[in-house]
Amino acid sequence: MKRRIAREIIVQSLYQMEMNEVESGEAVEMLLEEAAEENETERVISDELQLKDYVLDHVNGIWEAKPAIDDMLEHYLKGWQMSRLSRVDRQILRLAAYEMIYRNDVPAKVAVNEAIELAKHFGTEDSGKFVNGVLGKMIQDLEELKTNRSKK
């Protein structure tokens, strides 16, 4: 399973959940079906069950931790509010913060790099720089953020 594809589907699923108020399973299922049918990018999804489990695990984890993640991100959004960000940038930042703080299977630098690439792909011309700036500040406090999270 390629995590890049999984991250794309995670961001799209979170977007669908926020935009259309659908449940995680419905959003993920719809996006996997769409990917299999259209396959415009000619991606080979050979391990769909593993991909689905991975994506659902992340989407549910992010959604459950969303209030805490948003509070953390607000601290690093100097002059911005989560509600004022584009929906795409918001989902990308949530995914990266989740991977950096709540997961141990992704190095923080990889999470940041992947988030920048997703922002360039899905966001505006300035999204990559914006995401890099926010996560760059956050990564400096990463150990403290992880410690504070485990105390809660």
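Predicted model: local features only at pLDDT ≥ 70, side-chain atom pairs only at ≥ 80, totals over all residues.
Residues are numbered from 1 along each chain as its sequence is written, and side-chain values use heavy atoms, with hydrogens and water left out.

Staying with α6, the buried residues are S127, G128, V131, V134, L135 and M138. Buried means under 20% relative accessible area, exposed over 50%, and partly exposed in between (1.4 Å probe, protein chains only). An α-helix has 3.6 residues a turn, so residues three or four places apart point the same way. Over on the other side of α6, K129 and Q140 are exposed.

Next comes the core. The largest nonpolar core has 50 residues, and M100, L135 and M138 are those with the most contacts inside it. Such a core is a set of buried Ala, Val, Leu, Ile, Met, Phe, Trp, Tyr and Cys residues joined through side-chain atoms within 4.5 Å. At least two residues of this core come from each of α1, α2, α3 (48-76), α4 (87-101), α5 (108-122), α6 (127-140) and α7 (142-151), with α3 giving the largest share, 11 residues. As for L135, not counting residues up to four places away in sequence, it touches L93, A96, M100, V112 and A115, where contact means heavy atoms within 4.5 Å.

Helix α5 has 15 residues and reaches 21 Å from its first C-alpha to its last, close to the 21 Å expected. Its buried residues are A108, A111, V112, E114, A115, I116, L118 and A119. N113, also in α5, is partly exposed, because its relative accessible area is 42%. N113 and N132 are 19 residues apart in sequence, yet 8.0 Å apart in space, C-alpha to C-alpha.

Turning to the rings, the structure holds two aromatic pairs. One of them is Y98 with Y102, stacked at 5.6 Å centre to centre with 15° between the planes. Rings of Phe, Tyr and Trp (its six-membered ring) pair if their centres lie within 6.5 Å; planes under 30 degrees apart count as stacked, over 60 as edge-to-face and the rest as tilted. Both Y98 and Y102 are buried. The C-alpha atom of Y102 is also 9.2 Å from that of S150, 48 residues away along the chain. S150 lies in α7 and is exposed, because its relative accessible area is 54%.

Note on methods. Helix = DSSP H or I, 4+ residues; strand = E, 2+ residues; numbered from the N terminus. Expected span 1.5 Å × (residues − 1).
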